[in-house]
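My notes follow in the order in which I checked things.

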Amino acid sequence: MRNPPPDSALHVLMTQFPRAGRLEWIGLRPARDTPMQAVPDAVARTGGGLAGDRYAGGSGKRGATLIQAEHLPVIAALSGHAELAPATLRRNLVVSGIPLIAFKGRRFRIGDVVMEGTEPCDPCSRMEQALGPGGYNAMRGMGGLCARIVSGGALRIGDAVEWMEA
């Protein structure tokens with residue numbers, strides 16, 4: 001969906017949030033086929049990715065991947081698990097308290113870092129192995145968001161997650 005004109009009623013609705021969100025978890029995967037490593041902080045590089053992550057030098061369109069903390073119990077339930085560790089879903093950042101999908105095509109801030117949501121982060125076929133049969137479908141629609149890093153800096157667990165006016 002394209003962003004509506006700034007003077008439209010829809011724009012006003014799409015830019016209202018009841019509160020800031022919170023960065024709950026940070027994970028880096030240093031190489032292909034290695035487990036995610038939970039870290040308390042990370043460095044986001046402008047136009048790149050997160051230092052220490054395998055995608056750090058790749059496409060700026062996928063500088064970081066984010067998932068909604070509130071979706072973790074739903075994905076767990078749909079895949080037949082009592083709970084899921086964030087690392088299982090292979091996303092870099094877990095945020096709570098603010099709807100990530102609202103950031104698609106928009107800029108937002110996590111701590112000092114400015115990001116822009118580029119596209120949904122659809123699940124991959126590895127979710128069948130990670131979650132069991134049907135894992136891919138259990139995660140559909142709740143895979144999170146890919147974001148490019150517009151202005152780098154430090155990310156820390158507990159940082160505020162806030163929408164920014166363009």
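Before listing pairs, I note that I count a salt bridge when a side-chain nitrogen of Lys or Arg is within 4 Å of a carboxyl oxygen of Asp or Glu. I also keep in mind that this is a predicted model.

**Salt bridges.** I find that the structure holds 5 salt bridges, and I looked up several of these in turn. Glu24 forms one with Arg22, where the closest N and O atoms are 2.7 Å apart. I looked up accessibility for both partners: Glu24 is partly exposed at 30%, and Arg22 is partly exposed at 36%.

Next I took Asp33 and Arg126, whose side chains meet in a salt bridge at 2.6 Å, N to O. This pair links distant parts of the chain, since I find Asp33 in the loop between strand 1 and strand 2 and Arg126 in helix 3, 93 residues apart. I record Asp33 as exposed, because its relative accessible area of 52% is above the 50% cut-off, whereas Arg126 is partly exposed at 27%.

I then checked Arg148 and Glu116, which form a salt bridge at 2.9 Å, N to O. Arg148 lies in strand 8 and Glu116 in strand 7, so the pair ties together parts that are 32 residues apart in sequence. Finally, I note that salt bridges with shared partners join Arg32, Asp33 and Arg126 into one network.

**Phe17.** Leaving aside neighbours within four places in sequence, I find Phe17 in contact with Ile98, Pro99, Ala102, Phe103 and Trp163. The C-alpha atoms of Phe17 and Trp163 are separated by 8.1 Å, although the two residues are 146 residues apart along the chain.

Conventions. Residues are numbered from 1 along each chain as its sequence is written. This is a predicted model: local features need pLDDT of at least 70, side-chain atom pairs count only at pLDDT 80 or more; totals for chains, interfaces and linings use all residues. Side-chain values use heavy atoms; hydrogens and water are left out. Contact means heavy atoms within 4.5 Å. Buried means under 20% relative accessible area, exposed over 50%, partly exposed in between (1.4 Å probe, protein chains only). Helices (H or I, at least four residues) and strands (E, at least two) are DSSP runs, numbered from the N terminus.
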